[in-house]
Amino acid sequence: GDPLKVKVNKLTSIKTQLPYSYYSLPFCTPEKIVDSAENLGEVLRGDRIENSPYAFTMQEPQLCTVLCRIMIDAKTAKQFKEKIDDEYRVNMILDNLPLVVPIKRLDQASNTVYQLGYHIGLKGQYAGNKEEKYFIHNHLAFTVKYHRDLQTGSSRIVGFEVKPYSIKHEYEGKWSEKTRLTTCDPHTKRIVVNSNTPLEVEVNKEIIFSYDVEYQESDVKWASRWDSYLLMSDDQIHWFSIVNSLMIVLFLTGMVAMIMLRTLYRDISKYNELETQEEALEETGWKLVHGDVFRPPSNSDLLCVYVGTGVQFLGMVLVTMIFAVLGFLSPSNRGGLMTAMLLLWVSMGIFAGYASTNLYKMFKGAEWKKIAAKTAFMFPAIVFVTFFVLNALIWGQKSSGAVPFGTMFALVFLWFGISVPLVIVGGYVGFKKPAMEDPVKTNKIPRQIPEQAWYMNPIFSILIGGILPFGAVFIELFFILTSIWLNQFYYMFGFLFLVFIILLITCAEITIVLCYFQLCSEDYKWWWRSYLTSGSSALYLFFYAAFYFFTKLEITKLVSGLLYFGYMLIASYAFFVLTGTIGFYACFCFTRLIYSSLKID
């Protein structure tokens with residue numbers, strides 16, 4: 001007998017990717033529209049949760065309840081038709097569960113799949129007629145599933161489903177509040193079971209919205225009510241992708257181990273036994289460049305900034321993943337993932353400042369404040385400008401996905417109020433710490449780099465280096481893109497964590513292998529090259545996103561296309577910073593290790 005509050009969320013479409021608020025279309029409204037409080041993540045996702053005129057009472061079924069009647073003018077008809085054309089879906093929420101449409105599948109063992117939200121309407125033709133008509137879903141048959149707790153006797157909601165119908169309601173006489181429908185009347189046992197007499201969207205015609213509610217007892221416990229939403233039917237492909245990635249990792253690990261053991265052990269022992277000066281002159285490969293290998297690179301300031309930003313990113317991703325794997329960021333907490341990532345990004349600023357100024361001090365730099373400021377502003381500024389431009393585009397479409405001014409202000413505050421001071425503090429600490437000593441002395445005069453073979457050309461080896469890290473993650477990437485752009489839940493955080501660890505190892509190892517080959521051919525400029533080698537996987541990521549856009553998505557609008565590529569550009573840039581930093585640190589530790597084992601007077 002308790003009243004149940006049904007809330008309405010945004011209208012979504014996978015064809016346009018532009019969400020709209022529910023009441024942007026002339027649906028039935030409650031007396032007063034009240035916004036629900038939303039967290040930062042929800043606002044950024046474009047969720048607009050409001051109350052609705054649907055009145056449910058627990059375990060009291062309703063048949064043919066009339067919600068309201070509206071007359072359609074030309075403007076309204078055009079709005080409905082546009083939204084039906086773009087395949088918009090209505091999202092609702094009951095007790096924090098999203099509304100789903102169960103779809104029977106004949107080919108799968110678990111024959112029901114759930115689609116989030118119901119379509120506003122559909123296009124079709126009458127038999128024997130070529131002209132396309134627009135039909136609106138005006139009758140909703142809701143099913144509320146509940147689980148009865150035997151000890152307390154109370155019930156909890158564990159499912160919220162709907163079957164939408166389009167029906168041309170009829171009634172006798174003139175319309176009033178108490179009019180009974182002849183097409184749907186509980187007294188004469190007439191209920192809506194199909195859309196055989198659909199309601200067309202026409203100018204100067206009426207639409208009568210009605211609904212049924214039935215209650216079904218369910219065996220699903222309240223704690224596991226999300227399982228049916230999150231059940232992914234294809235676990236095997238994830239395992240396949242992980243085995244595939246592990247093969248890459250094993251191959252690379254073998255190469256690294258071989259380099260480490262064979263070459264280094266033999267080379268170092270031989271070099272340290274060299275007594276005579278003549279023999280020392282004949283040494284080849286990486287030992288020849290020991291006097292130049294720690295010479296600071298050109299644009300060393302920029303490298304410090306990028307390494308700092310990468311450390312900030314790595315920290316954010318690691319902590320977010322750990323939280324997600326432990327189950328803190330379940331999809332029932334809408335926007336939780338987004339909020340967590342933002343707050344973590346901001347608080348990891350202290351490590352960014354530390355990493356960048358400490359490296360800067362190693363390059364004998366003196367102006368640490370400049371470096372800390374660049375680290376605090378460069379990456380966020382580029383992302384913020386891109387985000388701002390995209391937001392202006394969404395705003396121009398009057399979509400609810402546009403971030404309101406207040407939220408923009410909150411984001412700027414997070415950046416300037418928390419992130420920037422933390423980066424400066426980290427920078428101060430990092431610069432106060434003594435810099436690492438180089439294991440070998442650097443010569444005064446830089447040595448000449450001999451002519452390189454074609455396959456050691458920087459561009460070629462950088463592009464080759466990006467293929468393997470990308471290959472390790474691309475299957476998981478497909479699922480992530482699908483969950484973002486096709487409105488599905490992503491809940492494979494365990495797999496994702498494994499894949500992320502594999503990505504870390506692959507980036508580190510491919511960089512070490514290529515760096516070793518580079519030093520063996522007496523090319524000592526490894527600083528930037530190590531960063532770009534693994535970072536180039538971001539280029540492949542962007543190409544894959546473009547491939548996904550043209551093969552899997554049905555986006556036709558220009559604005560939606562720009563949005564997609566804008567957001568994927570930000571994602572690829574972030575991926576570049578992340579993978580580049582991993583590669584850089586791997587190579588950094590590797591060079592220090594091999595040169596510190598040489599005995600050079």
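**Notes on the predicted model**

1. Strand β11 (residues 139-148) is largely enclosed by the rest of the structure, because nine of its 10 residues are buried. Buried here is under 20% relative accessible area, exposed is over 50%, and partly exposed is in between, with a 1.4 Å probe and protein chains only. Helices (H or I, at least four residues) and strands (E, at least two) are DSSP runs, numbered from the N terminus.

2. Before going further, some housekeeping. This is a predicted model, so to speak of local features takes pLDDT of at least 70, side-chain atom pairs count only at pLDDT 80 or more, and totals for chains, interfaces and linings use all residues. Residues are numbered from 1 along each chain as its sequence is written, and side-chain values use heavy atoms, with hydrogens and water left out.

3. Back to β11 and its partners. Strand β12 (residues 155-165) runs antiparallel to β11, and 10 bridges join the two; strands pair if DSSP finds at least two bridges between them. H139 has Y165 of β12 as its bridge partner. The two strands form a hairpin with six residues between them, and G153 in the turn has a positive phi of about 80°.

4. Which strand pairs with β11 in the parallel sense? That is β13 (residues 206-217), over eight bridges. K145 finds its bridge partner in Q216 of β13.

5. Now the helix pair. The axes of α6 (residues 300-325) and α13 (residues 527-535) come within 11 Å and cross at roughly 40°. Axes are lines fitted to C-alpha atoms, for helices over the stretch in contact, with angles from 0 to 180 degrees between N-to-C directions. The α6/α13 crossing is left-handed, meaning that the near helix is turned anticlockwise from the far one by less than a right angle. On the α6 side the contact is made by L302, L303, Y306 and V307, and on the α13 side by W527, W528 and Y531. Contact means heavy atoms within 4.5 Å. By class, the contact of α6 with α13 has seven nonpolar, no polar and no charged residues. The nonpolar class is Ala, Val, Leu, Ile, Met, Phe, Trp, Tyr, Cys and Pro; Asp, Glu, Lys and Arg count as charged, and the others, Gly among them, as polar.

6. Have a look at T357 in helix α8 (residues 349-362). Is T357 buried or exposed? Buried, with a relative accessible area of 0%. Leaving out residues up to four places away in sequence, T357 touches W368, I371, A372, G426, G427, G430 and F431.

7. A373 sits in helix α9 (residues 368-396) and counts as partly exposed at 28% relative accessibility. Its C-alpha atom is separated by 26 Å from that of W526, 153 residues apart along the chain.

8. Two backbone angles to check. N96, in the loop between β4 (89-94) and β5 (97-98), has a positive phi of about 70° although it is not a glycine; N96 is partly exposed, at 28% relative accessible area. N299 is in the loop between α5 (277-281) and α6, with a positive phi near 55°, and is a residue other than glycine. N299 counts as exposed, at 56% relative accessibility.

9. Finally, the whole chain. There are 15 helices and 13 strands, and buried residues make up 52% of the 601 residues. Of the contacts with a separation of 6 or more, 80% come from residues 24 or more positions apart.
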